[in-house]
Structure formats: structure tokens, C-alpha cells
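I opened this entry to keep track of what I looked up, one site after another. My notes follow the display.

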Amino acid sequence: MAKPVPKLTLNQAREIPLDRLELSQSNVRRVKAGVSIDTLAADIARRGLLQSLGVRPMLDGAGQETGRYEVPFGGRRYRALELLVKQNRLAKDVPIPCMIRPAGGDILAEEDSYAENAFRENLHPLDEFRAMQAMVEKGNGAEAIAAHFHTTPAVVRQRLKLATVSPRLLDLYGEDEMSLDVLMAFTVSDDHDRQCAVWDQLEHSFNKSPSYIRQRLTENSVRAADKRARFVGIEAYLAAGGGIVRDLFEADAGGWLTDPALLDRLVDEKLTAEGERIAGEGWKWVVTAIDLPWSATSGLRRLASEEVAMTEEDDKALAALEAEADDLNERWAEERDVPEEVHDRLDAIEIQIGAISDRPLLFDPTEVPIGGAFVSIDHNGTTSVERGFVRPEDEPAADAGELESSGADGEANAATGAAGGGGSSEPVAANAAPPSGEEDEGEVLKPLSDRLVSDLTAWRTLALQNAIAGDPALAFLSVLHAFVLDCFFRLSEDSCVQVSSNAVYFSNEPPKLRDCAPGQAIAERAAMWRDRLPKLDKEVWDFLLGLDPDDQSQLFAHCASVAVNAQAEIVPKYDNGRISKRKVERRIAHSHVLARAVGLDVVQAGWKPTAAGYFGAVTKPRILADVAEAKGENFAQMIDHLKKADMAREAERLLEECDWLPEPLRTPVVDGETGSPAAEAEPAGAVEAHLPPYLDDDDDRLAVAAE
């Protein structure tokens, strides 16, 4: 008959007064890690001791028990209990539940201490998420849970958000078939079906990156940082029944709005209301649009206006806002994690400062009924109102007196043309009317005939041209004056210099051109000069004389720059007389010369290859060729199986950090140069195109010209 297997005998459990316990030197935990002693003490005070201490009897020299016990494992709990005694929150002889191990057993005290820590397994994160969710379902709030477990409410909300992901995806995570980073990406959507659909699409794909998953889950949403969302306001959108999702694990700039149709309706309603408000000022027309095209003001005359001066209250409010912004910037300058509320407040201060600094304009009340205004949304979500533009068909007709004065004599002048200069030193009046006899001494002198005046001023014109040719500084100023009138005072006729700076307006204009970085810089520079220039065109000459040479050069550069046209316009099938293939080719060739001279870097200027701006407009073979050129053939092979829309989005992600440019944006390398067009373009300082010497001289020539 087989002997029965002996049953195990577990350690005795009994309560021992705390003052009869002391920490054993056999406890292997020496390095502080995890929850601090004071935190553990606070938890014991709240819920009691959840685990007993492991103790061994202490022996005297004769090997007899002394009635005291050492604690080889459970040392942190013992120190926490000691702390509670020091805080007078626990009696020093309170009974403590202990597991008693024999003093002279075969197993060392150090082994017991090590085993207690080595065989302990932390909760799986999924169990942690579900545990917190269960506590919330039973009435505990995120703040209470955070306080109980000595963490932050934000961390608790993150765990709770992870627990709301589709159960199917949670199970995959629990089975280690999905990483925590990937699981976090799925929290940007609350739609379980959508989450599973995206996972199924990516299951056999090489790309399961969290950023790509977030992109797929939010592709039909609108970012809260979008200017339309900022224009309407998140509060108004939510009040109208809209939904929003947040990413609790990465900076999301406010999240995503899940109802684009509702947002568009709210934008249209608010823009229409703004347009009606502006129309109430008396303008003949008001155009409203989310984005105004670059050429919106082409061919329109800008009305003269006066800026409303700031009041004392405005000055005080502006100073207070600037002081608050400086204080916030100084307080948070060295912090890595700046609260979102601080960013929001700084943005609000910037908008308030702009509203105060952007002074209202006063127009001539008699001109308002023929003018109009544009109402759009600025890049920061504020309302942009541009008032005071007159369409050509609304220009007032010339009065009767002007028509009579330009009648017969004007026709005669047009028919005969301007007289030639010849070589004579006397004015030529070839067709002047012959004298018909002596005039009566008492008769009033008649004015000179138009023909004679024309002949005389033709001679004077040549004399003026010759004089200006000898004064380069004045010649520069004359051209600058004409440029300024052309750029800032449409239809002005206050210059006799027949040169012009024709601002470029694009054919087939791409969307949101005004919002690109170079477009914003040009608009800001134009606004700066418009504020500095006088309101009347007849006052421009004296203003230019008062500028220092550097300001004159900067203004000249601005006026010249807006006339640069490097667009490869679409050549019509039939010659329209305005544009031809040869003209476009010569224009583009010269644009490369300018680009090399100025060291143009399109990447540095802010252009990036995006799905919306580039890849969505080319074919799949072109996308693959571009990716292969920029990153290598292996990257192109990674996306060659995708559909067009997915391929465009993935190409944008792959080339996000590349300095790659499509062919039309590159500056060709000339003979003798090497490297990429952007990297090898000549810097501006390397080109022999310095400013004229007279712009660097502090001489008196312009002062003399003013006299």
C-alpha cells in the first residue's frame, strides 16, 4: 500500500505588537524605488494593512527566543507603520498581522526577502484600465481615484479613455498583438466600428504607426485649430450639437470637430451676419468668403482714408495686455510642459492687442456709396475686413466741363502727336497759327494754343530727361515714386515717369494662396508701408524725399518684387496675343537667374509636399517616382499597393522631413555648380548686384532736389 503524500504545512499567522518588531538586515531591498514611504503610510492609514509582514524570531546567545522578531520581508510596510507612529496616528504597540517563519530553517531569510519581490507580478496595463473603469462605474470620480492612488486626474482620464476602446482591440492588446502606443492612437475616435475597420485595413499593411492611425481616424474631421473652428468658436459649435474628440496622449491643438457640415453652416451664418453688419455702414457691395483669392483686389481703386486715433482708454488697455503677456512669457519661459490654458490666454491676448492696434478707418462719406468691402476669415480665425475698394464700373463719370476741355483740342493733339526734338535750341512751332495782323492794344491776351503748348513741353521733356540722366539719385527716386503710386494708389496720375510696377495676379490660382508663409509676409510688408505712406498721392513725393536711403531701398525692393512673375501660365491652344509659349519659357528662364542671385530656398520659405497641395493632383506612378527619388526605391515599394488617396497621404508622411521639391519648384544648377538646387544656389552677397553708391552716401543731393 502506497504511503500518502504528506500535506504541506503553511506558516503560522498571528498578531505581534509593533514595538516588538524591528527591521532585519537580511532584507534585500536597499534601493528606494516605486511608491515612497509617506505615500504608502497615507494609503495604510486610509485602507489598513493589506499584506502581513514576514517575520522570524530573534534568538539570544544560547539560541533561545527573546520574544522579539525581525522583519526580513515587508520592510517598506514596517517603515510606513513606524512613520504613522511618529505622526501620532498609530499606537506603538498596535497588533500587526505577521507570517512567522522558523528562525533556524533551511531557507535563508535573504531568500525569503528576495522571493517575495521576485515572484510578484505587476498588473497588466489592461487590468489597470478596467479596474479604474469599474471604480468609476461604482461612483468614484477621476479626481478621487487620482487622490487615492497618488497620481494626477489627467493620468486617470487617460486610463479611462483607453478602457473605452473597442473590446476587440483591447483583447488584441491584452494578447500582446498590439502595442500600447497603437492602442492610444485609437482613442481619438469613439466609434468602435470605425476603429475596427481601420485596424482591419492596417492588419496586413507595413504601416501601423500611431500617427497614421490617428490620421485615418480623423480624416473626416476638422481640427479645432482650423481657422473656421476658431472663427465660430468651440463653445458655439458644441452648443449647436457638434461633437469633438480629444487625444489625451499627444498634443492635439484642441482636438477634432466631428461634424464638418455643421461647422460649415455655422461659418456661413456668421460670415453672412458679418457681411450684413459691414453693409450697414453704407457700402455699395460686400463680398464674403472663407478664403479670398490673391487677386481679389486686382483692378480696384483703394479709397483714401484716415485712421481713428487711439484714446487714453485704448492706451491703458493695450499696456495692460502687453504687461500680462510679458508676465506669462517670463513665468513659463523655462517650463517644458506649459498648460493649455496658458497658451489659450496668450492667443486671446494677441487677438485683443490686434483688435486695439488695428484702428478703424474713416472714409469720405461721399465715396462710401460707390465703394465696397471684403469680409473673410484671417489665418488666426478672426474676422478680416478690408474696406474701401471701388470697381471700375462704379467710378464716377467725368463731369461735363472736363469733357468739353478735352474735346476738339484733345482730338487734334491725338491726331498730330508729340513733336520731335530736332537739333534746334529754339522751340519748334511748325503748325502754330500765323499772325493775322497786329492785335489791338486794349484787347485781352488769348491763351497759347494747345498745339503750341504741346510743342514747347516736348522740348522741355527732352531737357528734363537729360538733366535727370545726370543725377542718378534723383532718377532712382523718380522711378520709386512711380512704383509707389502704381502699387499703393491705383489709377493715380501724379507722376510724369512712364514706368510701372504691375502687381502680378495669377491665372489658375491655387486655393489658400493668401495663407502661405510668403503670401502672409508680402501682405504684412504691404500693410506696413501702407500705414507709413501718406493718404493722398500728391503728398508721396515729399514723403519719399524724407526717407533715409535704407528705407527708400526697402520700399523700392517691395514695389519691384510684387511685379515678379515666375508662374508657368497655361498657354491657350490658340494664340490670344497676351501669352505665348515663348513668353512663358523666357519668363521662367529669367526667374531662375533671379532665384540663383537671391539664393531662393523654397523649402525654407515653407513649401511642403502634401496630399492636398501636390500628391493628390498627380498620378500614382508619379507619386511612386517622387517617393523613390526622395527616400529610395524601398520606400516606394512600401506604398505601391495602396489606393490613390491612401498613397497620397502616406507619401506626405514619408516626405514630411525631406527637403525634396518637385521639378517646377527647383532652381536648375548652372554649369560649374554641384549639389542640390537649394543647397548650391548662390547667396545674395556673392552676386555683383550692390546698391548704387549714392544710396550709401549721406550727401545733400536729395535735399537739394527737394528745394
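**Entry 1**

I started at F488, which is found in helix 19, residues 472–488. The model is predicted, and I keep that in mind throughout. Is F488 buried or exposed? Its relative accessibility is 9%, so F488 counts as buried; the cut-off for buried is under 20%. Next I listed its contacts, leaving aside neighbours within four places in sequence. F488 touches A526, W529, R530, L533, L555, H558 and C559. I then took one of these partners, A526, and looked up the C-alpha separation. It is 8.6 Å for F488 and A526, which lie 38 residues apart along the chain.

I read its order as 1-5-3-4-2, with mixed pairing. Which strands stand at the edges? They are strand 1 (12–17) and strand 2 (21–23). Each has a single partner strand, so one side of each is left without a neighbour in the sheet. From one strand to the next, the twist averages 50°.

I looked at one pairing inside the sheet. Strand 3 (residues 53–59) and strand 4 (residues 65–73) run antiparallel and are joined by four bridges. I picked out R56, whose bridge partner in strand 4 is E70.

Then I checked what packs on the sheet. Helix 2 (residues 75–86) does, touching strand 2, strand 3, strand 4 and strand 5 (95–100). The direction of helix 2 makes about 120° with that of strand 2. Helix 3 (residues 109–118) also packs on the sheet, touching strand 3 and strand 4. Its direction makes about 40° with that of strand 4.

**Entry 1: S376**

I moved to S376, in strand 13 (residues 372–377). With 5% relative accessibility, S376 counts as buried. What is S376 in contact with, leaving aside its neighbours within four places in sequence? I noted L271, A289, I290, L292, T382, T383 and S384.

**Entry 2: aromatic pairs**

I found 11 aromatic pairs in the structure. I wrote up two of them.

The ring centres of F476 and F556 are 5.0 Å apart and the planes stand at 40°, so this pair is tilted. The pair links distant parts of the chain: F476 is in helix 19 and F556 in helix 22 (residues 549–561), 80 residues apart. F476 is buried, at a relative accessible area of 11%. F556 is partly exposed, at 24%.

For F615 and W660, the centres are 6.5 Å apart and the planes at 15°, so I logged the pair as stacked. Planes under 30 degrees apart count as stacked. F615 lies in the loop between helix 24 (602–605) and helix 25 (620–631). W660 lies in the loop between helix 27 (644–654) and helix 28 (677–680). The pair therefore ties together parts that are 45 residues apart in sequence. F615 counts as buried, at 0% relative accessibility. W660 is buried too, with a relative accessible area of 7%.

Which residues do ring pairs link into a cluster? I noted W607, Y614, F615 and W660.

**Entry 3: charges over rings**

I looked up two cases. R391 lies over the face of W285, at 4.0 Å from the ring centre. The charged end of K631 sits over the ring of F635, at 4.9 Å from its centre.

**Entry 4: nonpolar cores**

How many residues does the largest nonpolar core have? I read 25. Those with the most contacts inside it are F129, L169, M178, L183, F186, W199 and I213. The elements giving two or more residues to this core are helix 4 (125–137), helix 6 (153–163), helix 7 (167–174), helix 8 (180–185), helix 9 (192–202) and helix 10 (210–217).

Leaving aside its neighbours within four places in sequence, I213 is in contact with V182, A185, F186, V198, L202 and K208.

A second, separate core has 21 residues, including V222, F231, V232 and L266.

**Entry 5: the chain as a whole**

The chain has 29 helices and 14 strands. It has 707 residues, of which 30% count as buried. I also looked at contacts between residues at least 6 apart in sequence: 71% of these join residues at least 24 apart.

Notes: Residues are numbered from 1 along each chain as its sequence is written. This is a predicted model: local features need pLDDT of at least 70, side-chain atom pairs count only at pLDDT 80 or more; totals for chains, interfaces and linings use all residues. Side-chain values use heavy atoms; hydrogens and water are left out. Buried means under 20% relative accessible area, exposed over 50%, partly exposed in between (1.4 Å probe, protein chains only). Contact means heavy atoms within 4.5 Å. Two strands pair if DSSP finds at least two bridges between them. Axes are lines fitted to C-alpha atoms, for helices over the stretch in contact, and angles run from 0 to 180 degrees between N-to-C directions. Rings of Phe, Tyr and Trp (its six-membered ring) pair if their centres lie within 6.5 Å; planes under 30 degrees apart count as stacked, over 60 as edge-to-face and the rest as tilted. A charge sits over a ring if NZ of Lys or CZ of Arg is within 6 Å of the ring centre and within 35 degrees of the ring normal. A nonpolar core is a set of buried Ala, Val, Leu, Ile, Met, Phe, Trp, Tyr and Cys residues joined through side-chain atoms within 4.5 Å.
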